[in-house]
Amino acid sequence: MVAPGAREHRAPPEARGERLDQFLARTFPDLTRSRIQGLIEAGHAQVDGKAAKVALRLRGGELLSLQIPAPVAAVPVAEELPLAVLHEDRDLVVVDKAAGMVVHPGAGHASGTLVNALLHRVKDLAGVGGELRPGIVHRLDKDTTGCLVVAKHETALVALQKAFKTRVVEKTYLALVHGTPKAAEARIETLYGRHPVHRQRFTGKVKEGKPAVTVYRVREAFEDAALVEVDLLTGRTHQIRAHLAEAGHPLLCDSMYGAGRKAKGRAAEAQEALGRQALHAWKLSFPHPRTGKVLHVEAPLPADFTAALKLLRASGAPTPRKGKK
């Protein structure tokens, strides 16, 4: 936990030429680099007793002082909203995010978000970024349900962000898709980036971008639809939605990536029952930021997803599909 107060450190000779913000981030690993940059810009850092700038190059030997103020009240207001908690301890909370709930306040969503709900529900927030607010480690789309982990203090946030970045976190989703993939199990590995024409969308069909890896297994095959289990090995925006759509099997009710796909029969009824993209963050496993012990969390299927599955199964006995072990 990051405590308010002053910190001092003498820059060694080998720090010569290094940027101030980079050196402080390396020296104080419990603070994110963006947090340190904010402290410097707010005048809370000094070099040999004088105010410094983020990009200052060190000579080596300077006395560096960093003042960490007490956290202030968060700008978002606490709101009493329905919130299902799957796990909570003094360092973090894992929630089962509901469909339709935006994670963080922003344009068009000043209230009613997960952050607003957490500010009311969690009573022992120590704060991140200098504010008494929860640390959002990762995000889920507005209409995606399931497991989402939130840090209660800055030290936990840094550790969890590192775990996600280094891919030691296991993320498994359940999705209902149009049609049935030919392969019972497949790996989709592409470069990934923003769509060159439709700027709100992302695509795996780019010449330059970040690597993205999605592995899926067909659990049940129905008439005109399938239930697939997806392991998300990287966490790009809209990754599952874009990868499955470009593989020919967009999610049911995905208006952005599956707008041209028309459902019929039971699949159409399932879409009517859902009314939102058929994606659920089912399981999440990650090392605990304090103990290092792997924490396993599972979110039950929401009622709309269960209703859609029931309709699809009513079309006849589903065909189980077994992939490689």
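Q: What makes the second largest pocket a pocket, and what is its volume?
A: The second largest pocket has a volume of about 370 Å³. On a 1 Å grid over the protein atoms alone, a pocket is an open set of points with protein on both sides within 12 Å along at least five of seven lines, whereas a cavity is a set where a 1.4 Å probe fits but cannot get out. Grid points are joined across faces, edges and corners, and the volume is the space filled by probe spheres set on the points. The model is predicted: local features need pLDDT of at least 70 and side-chain atom pairs count only at pLDDT 80 or more, while totals for chains, interfaces and linings use all residues. Residues are numbered from 1 along each chain as its sequence is written, and side-chain values use heavy atoms, with hydrogens and water left out.

Q: Which residues line the second largest pocket?
A: A lining residue has an atom within 4 Å of a point. Among those of the second largest pocket are Ala25, Pro29, Arg33, Val137, Gln161 and Phe164. Helix α4 gives the most, with five residues; helices (H or I, at least four residues) and strands (E, at least two) are DSSP runs numbered from the N terminus.

Q: How is the lining of the second largest pocket divided by class?
A: Its lining has six nonpolar, three polar and three charged residues. Ala, Val, Leu, Ile, Met, Phe, Trp, Tyr, Cys and Pro count as nonpolar, Asp, Glu, Lys and Arg as charged, and the others, Gly among them, as polar.

Q: What is known of the largest pocket?
A: Its volume is about 1,100 Å³. The largest pocket is lined by 39 residues, of which Arg139, Leu140, Gly235, Arg236 and Thr237 lie nearest its centre. The elements giving two or more residues to this lining are α4 (154-165), β11 (170-178), β15 (225-232) and α5 (239-246). By class, the lining of the largest pocket holds 14 nonpolar, 12 polar and 13 charged residues.

Q: Why are β1 and β3 called edge strands?
A: The open sheet of four strands has the order β1-β4-β2-β3, with antiparallel pairing. β1 (5-10) and β3 (50-51) each have a single partner strand, so one side of each is left without a neighbour in the sheet.

Q: How do you know that β2 and β4 pair?
A: Two strands pair if DSSP finds at least two bridges between them. β2 (residues 45-47) and β4 (residues 63-68) have three bridges, in the antiparallel sense, and therefore meet that definition. Gln46 has Ser65 in β4 as its bridge partner. Helix α2 (residues 33-41) packs on the sheet, touching β2 and β4, where contact means heavy atoms within 4.5 Å.

Q: What makes β12 and β13 a pair?
A: β12 and β13 (residues 202-203) are joined by two bridges in the antiparallel sense, and at least two are required. Gly193 stands opposite Thr203 in β13.

How values were computed:
Axes are lines fitted to C-alpha atoms, for helices over the stretch in contact, and angles run from 0 to 180 degrees between N-to-C directions.
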